[in-house]
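Work through these exercises with the model open beside you. Try each task before you read its solution.

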Amino acid sequence: MNLWTRRVVIGTAAVSMALSVAACGKAGDGGKAADGGGGGGDSKTIGLLLPENKTTRYETFDRPLMTAKIRELCGDCKVMYNNAAQDTENQKKQFDALITQGVKVIILDPVDYKATKSWVNQAAKKGVKVVAYDRLAEGQISAYVSYDNEKIGRLQGEALVKALGDKAKESDVVMINGSPTDPNAPFFKKGAHSVLDKQVKKISYEQDIPDWSSDEANKKMSAAIDSLGKSAIQGVYSANDGMAGGIITALKNQGVKVPVGGQDSELAGLQRILKGDQAFTIYKQIKPQADITAEIAVKLLKGEKIDSLTPTKVDSLSGEVKGIPAKLYDAQIVTKDNIEDTLVKDKVYKVSDICTPDVKAACEAAGIK
């Protein structure tokens, strides 16, 4: 986003798949789950609200990483957790319940960023600090931690152009964008358009997909093929890996083979990349993001300053809230050539996780052992 000043060098951070989720409640069950202690909220409780569980990262990485870091920084702190399962009204109830129980700091990754304004402002009036995580919420939030999302879109566009190779200038591309309720999705789209509009022949079909639904992406891709014809599609931009899975299935069903890109470095996406079904993904290191968010939340809980952790200032998307303290991270393109030097090296996945029997030959061909 142009109004943001961005500059971050991310240190390599190990994200262990072995992190236990045993202490966590059931994902998306709508009930209260207290990680690291039960009971109601008090001066030692931090609320954690994540938006959905279709994307594997939230339950596999974000939640356990933040919970572990909060415990490390504050041994007697509790984390009260809920997953909204992509339901805005459900998330509002979860947010209100935390306020009622006296929780003073809430980490919020909103389902629908526009809907949060009234909740967050009411919380602020009661002295509750809200940290927007991954997605920028509306309202008087105290801090924001995410990625440079427009740059991620540019990386996606650049990777697709590279995958198209010499034929990029003559290529018609389909764009399957993320959820309209996700504030990051317009920036991914904007960044991708800034590259693709100049470097491919044209965007011949474009759709936003509610809830980042893989099934809906599959349907829209099938509709694009029916509308344009099999030979009129040379590449597909997919805003994330989950939707890329549905898109690739639709393409295969019609006998179409073209480059498809994604985002999030999901395990299934990496396996598709190795097998040649998907061209690339975007690797966003989750551990630094989760760790800094936990540190900010603990400092806010203790009434300490967070200036050293939030070097950037951003404005809310509505423009109503100015100068929100923020920390924004960079990301990188991942293809089969650098999976080992990124995801494996950082211990996000073990080789054994990626190189299952059906992928073993592809792993060996890529030099992953």
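**Exercise 1. The largest pocket**

Which helix gives the most to the lining of the largest pocket, and with how many residues?

Solution. Keep in mind that this is a predicted model.

Step 1. Start with the space itself. The largest pocket holds about 320 Å³. Its lining has 17 residues, and those closest to its centre are Ala159, Ala163, Ala279, Phe280 and Thr335.

Step 2. Look for the main contributor. H4 gives the most, with 3 residues.

Step 3. Sort the lining by class. It divides into 9 nonpolar, 3 polar and 5 charged residues.

**Exercise 2. Helix H4**

Check the length of H4 against its number of residues. What span should its 16 residues have?

Solution. 

Step 1. The 16 residues of H4 should span 22 Å.

Step 2. Compare with the model. The end C-alpha atoms of H4 are 23 Å apart, which agrees.

Step 3. Pick out the buried residues. Among them are Ile152, Leu155, Ala159, Leu160, Val161 and Leu164.

Step 4. Ask what covers them. The cover includes strand S6 (143-147), S7, H5, S9, S11 and strand S14 (332-334).

Step 5. Step past the end of the helix. Just after H4, Gly165 takes a positive phi of about 65°.

**Exercise 3. Helix H5**

Where is the kink in H5 centred?

Solution. 

Step 1. Check the length. The 15 residues of H5 (residues 185-199) should span 21 Å at 1.5 Å a residue, and the end C-alpha atoms are 21 Å apart, which agrees.

Step 2. Find the bend. The kink is about 30° and is centred on His193.

Step 3. See how His193 is placed. It is one of the buried residues of H5, together with Ala185, Phe187, Phe188, Gly191, Ala192, Val195 and Leu196.

Step 4. Name the cover. It includes helix H4 (149-164), strand S7 (172-177), strand S8 (202-208) and strand S9 (235-238).

**Exercise 4. Enclosed spaces**

How many cavities of 30 Å³ or more does the whole structure have?

Solution. 

Step 1. Count them. The search finds 2.

Step 2. Take the largest cavity. It holds about 120 Å³. Of its 15 lining residues, Tyr58, Arg135, Asp182, Trp212 and Asp264 lie nearest its centre. The lining has 4 nonpolar, 4 polar and 7 charged residues.

Step 3. Take the second largest cavity. Its volume is about 110 Å³. It is lined by 14 residues, and Phe61, Asp264, Ser265, Ile286 and Val348 are closest to its centre. By class, this lining has 7 nonpolar, 3 polar and 4 charged residues.

**Exercise 5. The whole chain**

How many helices and strands does the protein chain have?

Solution. 

Step 1. Count the elements. There are 12 helices and 14 strands.

Step 2. Of the 369 residues, 54% are buried.

Definitions and conventions
Residues numbered from 1 in each chain as written. Predicted model: local features only at pLDDT ≥ 70, side-chain atom pairs only at ≥ 80, totals over all residues. Heavy atoms only, no water. Helix = DSSP H or I, 4+ residues; strand = E, 2+ residues; numbered from the N terminus. Expected span 1.5 Å × (residues − 1). Bend = angle between axes of the 7 residues up to and from the residue. Buried < 20%, exposed > 50% of the residue type's maximum accessible area, 1.4 Å probe, protein only. Contact = heavy atoms within 4.5 Å. 1 Å grid on protein atoms, 1.4 Å probe; cavity = no way out; pocket = protein on both sides within 12 Å on 5 of 7 lines; lining within 4 Å. Points joined across faces, edges and corners; volume = space filled by probe spheres on them. Nonpolar A, V, L, I, M, F, W, Y, C, P; charged D, E, K, R; others polar.
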